[in-house]
Amino acid sequence: MQSKIVFLGTAGGFEVVGKQLRASGGIVIQTEGLQFLIDPGPGCLAKAQEYGINIRQTNAIFLSHIHYGHSNDLNVSIQAMTLNGLDKRGFLLASKEVLKDVPKDSKDKLQQVVEVSPGKRVRINNVEIIPIIAQHNVPCLSFKIISKDFTLVYVSDTRYIRELEKEVRNVDVLLCNCKLPAGIKDGNNLNTSDVIRLANKTRPLLVIITHFGSEMLKKDPLFEARDIQREIKIHTIAAKDGMIINPTSYAAKVRQRTLLGFAKKEG
Ligand SMILES: [Zn+2]
């Protein structure tokens, strides 16, 4: 199975979620035969169905924080994934603070509930997951995913913190919640200038922005992505609902392999 990232939604903030100006079902990452579901917000199951994702095949759910835009469909997703608990399986990764708001009934359907904290590595088969510190108006975590083919950091809702610069260094894909356009700050979320700063300090191979608030939609995420790319000279994509990206094609290892392939052919 080829690695892929599938966007079940790109909405950020209650206005965009409430009006469904963008879908809000979260993000699916498939790699090494595993399927991860990140932040299953409202409409997760509907969008999964629409975009050809079988939620039943999910191996782990990552829940960054409890805001409804990120967590609303958690319980129904666990229900779908476990046949309502008949097939007790799968993992839920979240912090202690977040887990206390997850119903026991849902936890009981899973193979394992993993209480995570920044820097505490978790391994699921061959994939390593490292939770990363975030500073939001409720407890929140970002996640680094290290698979054989690529490394990715999902920066969830957070204000700009210097610690991120260390965590994002040497990753292939920076997948970043960017709720606000340049020039607008709310103290709890990143804006376009923050993404430019972070990407410039860490130099990933691909930047993807998502989680767009109403001000961002007014400005148009496509233009903001273009500004980021112009500024930092790194390929930058504004996510769209239903968009599928193969992260492997951007990964450093693959690029090296491809270059070696060319070199051999030429030699
Ligand atoms: Zn939030």
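Biologist: How many bridges join strand S2 to S3, and do they run parallel or antiparallel?

Modeller: 5 bridges join strand S2 (residues 24-31) to S3, and the two run antiparallel. Two strands pair if DSSP finds at least two bridges between them, so S2 and S3 count as paired. One caution: this is a predicted model, where local features need pLDDT of at least 70, side-chain atom pairs count only at pLDDT 80 or more, and totals for chains, interfaces and linings use all residues. Residues are numbered from 1 along each chain as its sequence is written, and side-chain values use heavy atoms, with hydrogens and water left out.

Biologist: Why is S3 called mostly covered?

Modeller: Buried means under 20% relative accessible area, exposed over 50%, and partly exposed in between, with a 1.4 Å probe and protein chains only. In S3 (residues 34-38), 5 of its 5 residues are buried. S2 is mostly covered as well, with 8 of its 8 residues buried.

Biologist: Which S3 residues point which way?

Modeller: Leu34, Phe36 and Ile38 point one way, Gln35 and Leu37 the other, and all are buried. In a regular strand the side chains alternate between the two faces of the sheet.

Biologist: How is S3 linked to S4?

Modeller: They pair in the parallel sense over 3 bridges. Leu37 stands opposite Ile61 in S4. The chain crosses from S3 through helix H2 (residues 44-50) to S4, and this β-α-β crossover is right-handed. The test: with the strands pointing away from the viewer, the path from the first strand over the helix to the second runs clockwise.

Biologist: In what order do the strands of the open sheet lie?

Modeller: The 7 strands run S6-S5-S4-S3-S2-S1-S14, and the pairing is mixed. Strand S6 (112-115) and strand S14 (244-245) are the edge strands, since each pairs on one side only. S4 and strand S5 (residues 91-94) pair in the parallel sense over 3 bridges. Strand S1 (residues 4-9) and S2 are antiparallel, over 5 bridges. There, Lys4 has Gln30 in S2 as its bridge partner.

Biologist: Which atoms are the protein donors of the zinc ion?

Modeller: His65 (NE2), His67 (ND1), His136 (NE2) and Asp157 (OD), lying 2.2 to 2.3 Å from the zinc ion. Donors are N, O and S atoms within 2.8 Å of the metal (3.2 Å for Na, K and Ca), so these four qualify. Water is not among the atoms, so sites may look incomplete. Along the chain the donors follow the spacing H-x1-H-x68-H-x20-D.

Biologist: Why is the site of the zinc ion called irregular?

Modeller: The angles among its 4 donor atoms are 91 to 172°. Four donors count as tetrahedral if all angles lie between 85 and 135 degrees; four count as square planar and six as octahedral if opposite donors are over 155 degrees apart and all others between 65 and 115; anything else is irregular.

Biologist: Are His67 and Asp157 buried or partly exposed?

Modeller: His67 has a relative accessible area of 28%, so it is partly exposed. Asp157 has 4%, so Asp157 counts as buried.

Biologist: How do you know that the chain agrees with a compact globule?

Modeller: The radius of gyration is taken over C-alpha atoms, and the globule rule is 2.2 Å times the number of residues to the power 0.38. For 267 residues a compact globule would have a value near 18 Å; the protein chain has 18 Å, so the two agree. Buried residues make up 55% of the chain.

Methods: Helix = DSSP H or I, 4+ residues; strand = E, 2+ residues; numbered from the N terminus.
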